[in-house]
Amino acid sequence: MVISLSAALLLAVVLFVMIRSKTIKVGPAIVAALFGFFLASTDMAPDINRFLNSVADTINQIKI
């Protein structure tokens, strides 16, 4: 839950900044699409959520 909320908040901030700077291209469009999935909670949202959780777990396991 914390990862989902923080990911949605981060994507919202990134989307806001990109819209303000008028630099929405391919990369920002992907960010906007992910933000939309989190907001709309479509049928694909649980799959995206699981993917992002697995990425976060993988990053968390990296030892520096």
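## Helical chain with a nonpolar core and a surface patch

Helix α3 spans residues 45–61 and contains Val55. The model is predicted, so local features need pLDDT of at least 70 and side-chain atom pairs count only at pLDDT 80 or more, while totals for chains, interfaces and linings use all residues. Residues are numbered from 1 along each chain as its sequence is written, and side-chain values use heavy atoms, without hydrogens or water.

The protein chain has three helices and zero strands, in the order α-α-α along the sequence. Helices (H or I, at least four residues) and strands (E, at least two) are DSSP runs numbered from the N terminus.

Of the 64 residues, 19% count as buried, meaning under 20% relative accessible area, with exposed over 50% and partly exposed in between (1.4 Å probe, protein chains only). Val55 is partly exposed, because its relative accessible area is 31%.

| Grouping | Residues | Value |
|---|---|---|
| Largest nonpolar core | Ala7, Ala8, Leu11, Leu15, Met18, Val31, Phe35, Phe38, Ile48 | nine residues |
| Nonpolar surface patch | Phe51, Val55, Ile59, Ile62, Ile64 | about 610 Å² accessible area together |

In this core, α1 (2–21) and α2 (26–40) each supply at least two residues, and α1 gives the most, with five. A nonpolar core is a set of buried Ala, Val, Leu, Ile, Met, Phe, Trp, Tyr and Cys residues joined through side-chain atoms within 4.5 Å.

Technical notes: Patches are made of residues with over 30% relative accessible area and no salt bridge: like charges are joined within 9 Å, nonpolar side chains (Val, Leu, Ile, Met, Phe, Trp, Tyr) within 5 Å. Accessible areas come from the Shrake-Rupley method with a 1.4 Å probe; for residues, only the protein chains shown count as cover. A salt bridge is a side-chain nitrogen of Lys or Arg within 4 Å of a carboxyl oxygen of Asp or Glu.
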